[in-house]
Amino acid sequence: MIDLIKQVIKKDGLATKHRHVQLVNKRIYLYTIMRKHGMPYQKIGSFFNRNHATIIHGIKRYKDLTKYEDEMLKIDTEEYEQVFGKIPVPKKTYNLEKDVRKATTIKDLDIIKRRIDNNLYD
């Protein structure tokens with residue numbers, strides 16, 4: 001699992017200092033997974049070039065976002081959930097035309113953009 005996490009961190013550039021929401025959501029998801037597997041905060045931080053306090057804050061933020069069913073978090077971490085075995089069902093796909101027709105806000109367009117970036121349309 002450690003090797004897989006290292007590959008994902010390198011592939012997606014999660015050890016950088018960028019604070020783009022997509023990267024933050026992916027980071028906090030991985031923090032939570034690693035912590036659930038018993039890894040200490042400082043060791044988790046060493047993978048991402050962060051300190052233990054950042055990891056603690058990220059895990060709390062992940063819990064809050066999942067509690068409120070944050071749509072962006074779900075979209076940004078859906079690929080990771082499949083990779084790490086959290087979702088046993090096949091990858092969910094969406095209909096681009098249907099989503100575009102339903103879009104009425106900037107947030108809806110942002111969701112569409114992220115789904116395109118994550119190859120979630122058929």
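R114 is buried, because its relative accessibility is 5% (buried means under 20% relative accessible area, exposed over 50%, and partly exposed in between, with a 1.4 Å probe and protein chains only). D76 is likewise classed as buried, because its relative accessibility is 2%. The side chains of these two residues, D76 and R114, form a salt bridge with an N to O distance of 2.8 Å; the term denotes a side-chain nitrogen of Lys or Arg within 4 Å of a carboxyl oxygen of Asp or Glu. The bridge connects distant parts of the chain, since D76 belongs to helix α5 (residues 71–83) and R114 to helix α7 (residues 106–117), 38 residues apart. Helices are DSSP runs of H or I with at least four residues, strands are runs of E with at least two, and both are numbered from the N terminus.

The structure is a predicted model, in which local features need pLDDT of at least 70, side-chain atom pairs count only at pLDDT 80 or more, and totals for chains, interfaces and linings use all residues. Residues are numbered from 1 along each chain as its sequence is written, and side-chain values use heavy atoms, with hydrogens and water left out.

Side chains of opposite charge can pair when their charged atoms come close.

Two packed helices are described by the angle between their axes and the distance between the axes. Helix α3 (residues 41–48) packs against helix α4 (residues 52–67) at an angle of about 95°, the axes being 8 Å apart. Axes are lines fitted to C-alpha atoms, for helices over the stretch in contact, and angles run from 0 to 180 degrees between N-to-C directions. Helix α3 is therefore roughly perpendicular to α4 (65 to 115 degrees; under 35 counts as roughly parallel, over 145 as roughly antiparallel, and the rest as oblique).
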